[in-house]
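Please examine the structure shown below. The report that follows treats its salt bridges, its helix packing and some details of its backbone.

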Amino acid sequence: MEYIEKIRDVLLRLYPVRRNFAQKSDFREWLLRELRRSGWRASEERYGRTNGSINVVAGDPDRAAVFLTAHYDTASRMVVPDFVSPTNVAAHVLYHALVALVLIVLALAVSFAVSFPLNQPGLMLPLFLILLVGLLFFAAFGPANLSNANGNTSGVLALLAIAKIVRRHDRVCIVFFDNNARNLLGAGAFKKAHPDAAQSCLFLNFDCVGDGDHLLLMPSRPCRWDEKLLSALEEGFQNTEAIQAHLLTKGLNYYPSDHRKFKFHVATAACRYAGGLGYYIPHLRTKKDTILKTENIDCIAESIARFLPLYLESGGAEA
């Protein structure tokens with residue numbers, strides 16, 4: 001726990017924003033040193049100017065059977081929170097549809113307010129399109145959000161805590177993805193560079209695991225039939241006073257993150273719970289994203305330390 005608290009302080013104090021090239025470069029330099037201090041062989045994987053992503057890989061991706069992943073980049077600031085409810089897909093879709101509708105109405109109202117007094121009806125449509133594209137661009141590529149404790153400094157801290165407690169293993173690889181905020185470019189580049197691993201190996205992704213007392217483990221549909229995997233997850237992830245683990249193997253779940261690039265995956269997220277809504281993640285991409293519970297990270301690291309030998313020794317992952 002002392003190590004987790006120390007690294008949490010470093011991340012939030014020295015590397016709170018990892019968005020532009022210089023911020024990411026400084027962070028990766030520190031990250032590589034920290035991984036090597038924990039006994040892992042780590043290096044950068046670069047994918048050219050077209051993709052622009054630079055992932056950090058600890059371990060050998062060509063020999064690994066299990067990949068532990070999280071994205072290290074941070075996103076832009078949004079006017080409203082980026083609402084995510086993994087188990088309430090209807091609420092998730094409705095919220096984002098309403099946000100899109102508000103943007104459309106706002107762009108339409110401004111274009112009307114400008115064109116009507118000028119008696120220029122032909123100006124309304126092009127102005128509307130320009131404003132709408134501008135608003136969408138701002139939402140995706142606007143000013144950096146300055147508070148990123150949960151999204152996804154928590155995932156970075158989880159991987160570092162795991163690297164500290166789990167000894168380097170030929171069949172385990174830790175990957176820090178770049179450019180999650182740019183349509184998962186880092187995960188996509190890794191998939192293209194390692195097609196065999198992406199198609200056949202297990203990926204456990206940690207995204208937003210620092211705020212919430214419910215830890216959701218969401219296997220992909222192919223993984224729901226893997227009894228050895230499910231058994232190892234159930235035995236490895238145990239409830240604590242700080243957080244309860246929930247293995248979700250039924251129903252429709254939707255969690256948009258890097259794991260979706262890989263066939264066999266388990267998405268991991270910490271959530272709050274509200275009656276009538278279900279599990280949800282608060283404050284993403286806003287100034288209120290300031291909570292990163294070290295108890296959550298400690299639980300995850302200890303759980304993975306139990307899970308890995310259970311899964312690997314069961315034959316659940318063939319070399």
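Arg28, Glu44 and Arg46 are joined in a network of salt bridges. A salt bridge is counted where a side-chain nitrogen of Lys or Arg lies within 4 Å of a carboxyl oxygen of Asp or Glu. Side chains of opposite charge can pair when their charged atoms come close. The model is a predicted one, in which local features need pLDDT of at least 70 and side-chain atom pairs count only at pLDDT 80 or more, while totals for chains, interfaces and linings use all residues. Residues are numbered from 1 along each chain as its sequence is written, and side-chain values use heavy atoms, with hydrogens and water left out.

**Salt bridges**

How many salt bridges does a search of the whole structure find? The search finds eight. Three of the pairs are listed here, each with the distance between the closest N and O atoms or from N to O.

| Pair | Distance |
|---|---|
| Arg13 and Asp9 | 3.2 Å |
| Arg28 and Glu44 | 3.0 Å |
| Arg272 and Asp211 | 3.1 Å |

In the pair of Arg28 and Glu44, the closest N and O atoms are 3.0 Å apart. Arg28 belongs to helix α2 (residues 21–37) and Glu44 to strand β1 (residues 42–46), so this pair ties together parts that are 16 residues apart in sequence. Helices (H or I, at least four residues) and strands (E, at least two) are DSSP runs, numbered from the N terminus. Is Arg28 buried or exposed? Arg28 is buried, with a relative accessible area of 1%, whereas Glu44 is partly exposed at 28%. Here buried means under 20% relative accessible area, exposed means over 50%, and partly exposed lies in between (1.4 Å probe, protein chains only).

The salt bridge between Arg272 and Asp211 has an N to O distance of 3.1 Å. Arg272 is in strand β8 (residues 264–274) and Asp211 is in the loop between β5 (202–206) and β6 (214–219), so the pair ties together parts that are 61 residues apart in sequence. Asp211 is buried, with a relative accessible area of 4%, while Arg272 is partly exposed at 26%.

Arg13 and Asp9, by contrast, both lie in helix α1, four residues apart, which is about one turn of the helix. Arg13 is exposed, with a relative accessible area of 51%, and Asp9 is partly exposed, with 37%.

**Helix packing**

Helix α6 takes part in two of the contacts described here, with α1 and with α2. Axes are lines fitted to C-alpha atoms, for helices over the stretch in contact, and angles run from 0 to 180 degrees between N-to-C directions.

The axes of α1 (residues 2–14) and α6 (residues 149–165) come within 10 Å and cross at roughly 140 degrees. This angle makes α1 oblique to α6. Angles under 35 degrees count as roughly parallel, over 145 as roughly antiparallel, 65 to 115 as roughly perpendicular and the rest as oblique. On the α1 side, the residues in contact are Tyr3, Ile4, Ile7, Arg8, Leu11 and Leu12, and α6 contributes Ala149, Thr153, Val156, Leu157, Leu160, Ala161 and Lys164. Contact means heavy atoms within 4.5 Å. By class, this contact has 10 nonpolar, one polar and two charged residues. Ala, Val, Leu, Ile, Met, Phe, Trp, Tyr, Cys and Pro count as nonpolar, Asp, Glu, Lys and Arg as charged, and the others, Gly among them, as polar.

Helices α2 and α6 pack at an angle of about 25 degrees, with their axes 10 Å apart. This makes α2 roughly parallel to α6. Phe27, Trp30, Leu31, Glu34 and Leu35 of α2 meet Val156, Leu160 and Ala163 of α6. The contact of α2 with α6 has seven nonpolar, no polar and one charged residues.

**Backbone details**

Which peptide bond is cis, with omega near -5 degrees? The bond from Gly151 to Asn152 is cis, and Asn152 is found in helix α6.

His283 has phi near 65 degrees, a positive value in a residue other than glycine. This residue is in the loop between β9 (278–280) and α10 (294–313) and is partly exposed, with a relative accessible area of 26%. Arg285 is placed in the loop between β9 and α10, and its phi is positive, about 60 degrees, although Arg285 is not a glycine.
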